[in-house]
Amino acid sequence: MMTVLLSLSIALLAGLILTRACKPLGLPAVTGYLVAGILVGPYCLGMLGVEGLGFVSQENVEMFSILSQTALGFIAFTIGNEFRLSSIKQIGKQAVIIALAGAVVATILVDGALIALSVLMPGVVDLPIALTLGAIASATAPAATLMVVRQYKAKGPVTQMLLPVVAIDDAIGLVVFAVSLGAAKAVNTGALDVVSIAVEPLVEIVLSVVVGGILGALLSYTERMFHSRSKRLSITVAYVLLAVSISQIKFNIGTVHCGFSSLLLLMMMGTVFCNMCDFSEELMDRLDRWTGPLFALFFVLSGAELELGIFTQWTMVLVGVVYIVFRCLGKYYGAGISAKITKCEPTIQKYLGITLFPQAGVALGMTLIASAEFPGTQGAVIRNITLFSVMIYELVGPMLTKIALKKAGEIKPGERKSSRGVLHH
């Protein structure tokens, strides 16, 4: 117990100190947390082998996965609270089209590039690997994006469109991944499994939306039974924890494997709650303050999970670079062209695609599924390339998001009052 608490305290302090170092460089706080995770992780401080002083192994980091799952739950719930009916009516159709285009174009470009690479490097990349990585390319990370938006209090058309697009992207990514993974398995085995391609992803989406909606309605009803602010906050926390635990349930109905998408479930709960509860904004403001340390630990742990040893494998680096470049092209042009077609504002057409570059949790979840389906060399290649790309996206993505929002004029260099009452420009 002592070493667990010591590890968490050192991780949190290291993250906070690194955010101060990032500030003069103009880097987002997320970058500081991620770098701190690398420093206290298995490849730096953890190499000393002192339990509690750092994370001595990947297994040691995975011990704290419950914190990461919980943090993702609160992040998804927070994003769901952005889906108010007024904004859905205004940008709902555009957000769906942009999210669909960004996911599909990224998948097609990555598929094409890796299939071409498989001709040049047949021993490293094959068709099943290309198809699977193309599907993983569709996923976007909501966590880093949300943290940048919150840190700089970004407001404007790009920000308003960004959070719904990132949320919808998860549902689209699930379907794209299921279809591509089914096709990849068919190439390996010569048999096409219609249930896993068509039925299971739709069941997962429907279950997540329905259960999330029910929990959101129950949360709104329960909140009205209490008037104390602290009790209302405690109820919100309890429901998020309940939803995260429900999202981990897996079961079978006949031959169909059923489960939930934690992001979709929590986002749906947040959406229903914010539209049913007239004091939800006040509650979310209080919740934001409570979750600060949890989010900081989430990103430090994410940094500690990054496997730097991948850099020693030049073939993985080469394939990873191709994956990153073509995924970024797909996200940028997919979002930009679809935004133009749907007549979005010029800033959305120009900058939204850049904010969709970050990739982490959802992609890693897809990688775990793919590794289980392809336990040999194919699974290892998929895992290594995804880990390499996530490492680059996590370190560079938040900074690019900040730059894009600043160029769009949605991060204002205004004055901010500190806790000591000193004004900062």
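A: Happy to! Let's begin with a term: a crossing is called right-handed if the near helix is turned clockwise from the far one by less than a right angle, and left-handed if anticlockwise. Keep in mind that this is a predicted model.

Two packed helices are described by the angle between their axes and the distance between the axes. Our pair is α1, covering residues 2-22, and α2, covering residues 29-40. Their axes come within 7 Å and cross at roughly 130 degrees. Angles from 65 to 115 degrees count as roughly perpendicular and those over 145 as roughly antiparallel, and α1 and α2 are therefore oblique to each other. As for handedness, the crossing of α1 past α2 is right-handed.

Now for the residues that touch. On the α1 side they are Ile-10, Ala-14, Gly-15, Leu-16, Leu-18, Thr-19 and Cys-22. They meet Ala-29, Thr-31, Gly-32, Tyr-33, Val-35, Ala-36, Leu-39 and Val-40 of α2.

Let's step back to see where the pair sits. The chain has 16 helices and 4 strands. Its radius of gyration is 21 Å, close to the 22 Å that the globule rule gives for 425 residues, so the chain is as compact as a globular protein of that length. Of those 425 residues, 55% are buried. Finally, among contacts in the chain with a separation of 6 or more, 79% link residues 24 or more positions apart.

Methods:
Residues are numbered from 1 along each chain as its sequence is written. This is a predicted model: local features need pLDDT of at least 70, side-chain atom pairs count only at pLDDT 80 or more; totals for chains, interfaces and linings use all residues. Side-chain values use heavy atoms; hydrogens and water are left out. Axes are lines fitted to C-alpha atoms, for helices over the stretch in contact, and angles run from 0 to 180 degrees between N-to-C directions. Helices (H or I, at least four residues) and strands (E, at least two) are DSSP runs, numbered from the N terminus. Angles under 35 degrees count as roughly parallel, over 145 as roughly antiparallel, 65 to 115 as roughly perpendicular and the rest as oblique. Contact means heavy atoms within 4.5 Å. The radius of gyration is taken over C-alpha atoms; the globule rule is 2.2 Å times the number of residues to the power 0.38. Buried means under 20% relative accessible area, exposed over 50%, partly exposed in between (1.4 Å probe, protein chains only).
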